[in-house]
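This briefing is meant to be read with the sequence and the three-dimensional view at hand.

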Amino acid sequence: MLLLAPMLLLEAPSLARSLFDRPPTRVVIHNPEATEGLRNRTTITVVVPEDAGNALGSIVLRQLPNIDQWDWGRSQPQVYFGDYSLRRKGASGLASAVVSDSDGLVSIKLTPAVQPGQTVNVVFRGFNPESSIYQWSTELLAEGEEPVRYVGPTLRLTVYEQDPFR
């Protein structure tokens, strides 16, 4: 019986999953233009801790209930590393996004994955929707097979009505 035990362990399905030792918790959304109908440059910033233990592979945003959907634009996002900057240009091809308007879901895949100790900024270009408060829940996934989904902070943006006296 003791001889069979090691063989059984070798045949057991792998329970290993991709995970963080310390998941990213600093996730911020920026939108320098807060007036409805105007062009925006919505930027998601994520700080991956030095002791994360794994790279950040993807980010998922789920818009919380609202009458209007956020406009993420039609082109793929651009990416730059380092602190957030209002006018900094990003590089194309480092991230791809799939937007599902029916679910209010945005899935962002980072290629290559963001290594521990780095700050990544994912920039979308679209137009601000109607005035309201827009919120998203966040999920952060480590790079690798079957990643564990870590719940991040709720992101919030306010869009204001156009000033009729301007």
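A residue is called buried here when its relative accessible area is under 20%, as found with a 1.4 Å probe on protein chains only. By that criterion, 39% of the 166 residues of the protein count as buried. The model is a predicted one, and the points below are grouped by topic.

**Overall make-up**

- The protein contains one helix and ten strands, and, when read along the sequence, these elements follow the pattern α-β-β-β-β-β-β-β-β-β-β.
- Among contacts between residues at least 6 apart in sequence, 72% join residues that are at least 24 apart.

**The largest nonpolar core**

- The largest nonpolar core is made up of 30 residues, and those with the most contacts inside this core are Ile44, Leu56, Trp72, Ile108 and Trp136.
- Two or more residues each are given to this core by β1 (26-30), β2 (39-47), β3 (56-63), β5 (95-100), β6 (105-114), β7 (119-127), β8 (132-142) and β10 (155-159).
- When residues up to four places away in sequence are not counted, Ile108 touches Gly57, Ser58 and Ile59, together with Ala95, Ser96 and Ala97, and also Val122 and Phe124.

**β2 and its partners**

- Strand β2 is largely enclosed by the rest of the structure, because eight of its nine residues are buried.
- β2 pairs with β1 in the antiparallel sense over five bridges, and within these two strands Val28 stands opposite Thr45, the latter belonging to β2.
- β2 is also joined to β7 by nine bridges, again with the strands running antiparallel, and here Asn40 stands opposite Gly126 of β7.

**The largest pocket**

- The largest pocket holds about 170 Å³ of space, and of the 14 residues that line this pocket, those closest to its centre are Trp72, Gly73, Arg74, Val99 and Asp101.
- Sorted by class, the lining of the largest pocket has seven nonpolar residues, four polar residues and three charged residues.

How values were computed. Residues numbered from 1 in each chain as written. Predicted model: local features only at pLDDT ≥ 70, side-chain atom pairs only at ≥ 80, totals over all residues. Heavy atoms only, no water. Core = buried A, V, L, I, M, F, W, Y, C linked by side-chain atoms within 4.5 Å. Buried < 20%, exposed > 50% of the residue type's maximum accessible area, 1.4 Å probe, protein only. Helix = DSSP H or I, 4+ residues; strand = E, 2+ residues; numbered from the N terminus. Contact = heavy atoms within 4.5 Å. Pairing = 2+ DSSP bridges. 1 Å grid on protein atoms, 1.4 Å probe; cavity = no way out; pocket = protein on both sides within 12 Å on 5 of 7 lines; lining within 4 Å. Points joined across faces, edges and corners; volume = space filled by probe spheres on them. Nonpolar A, V, L, I, M, F, W, Y, C, P; charged D, E, K, R; others polar.
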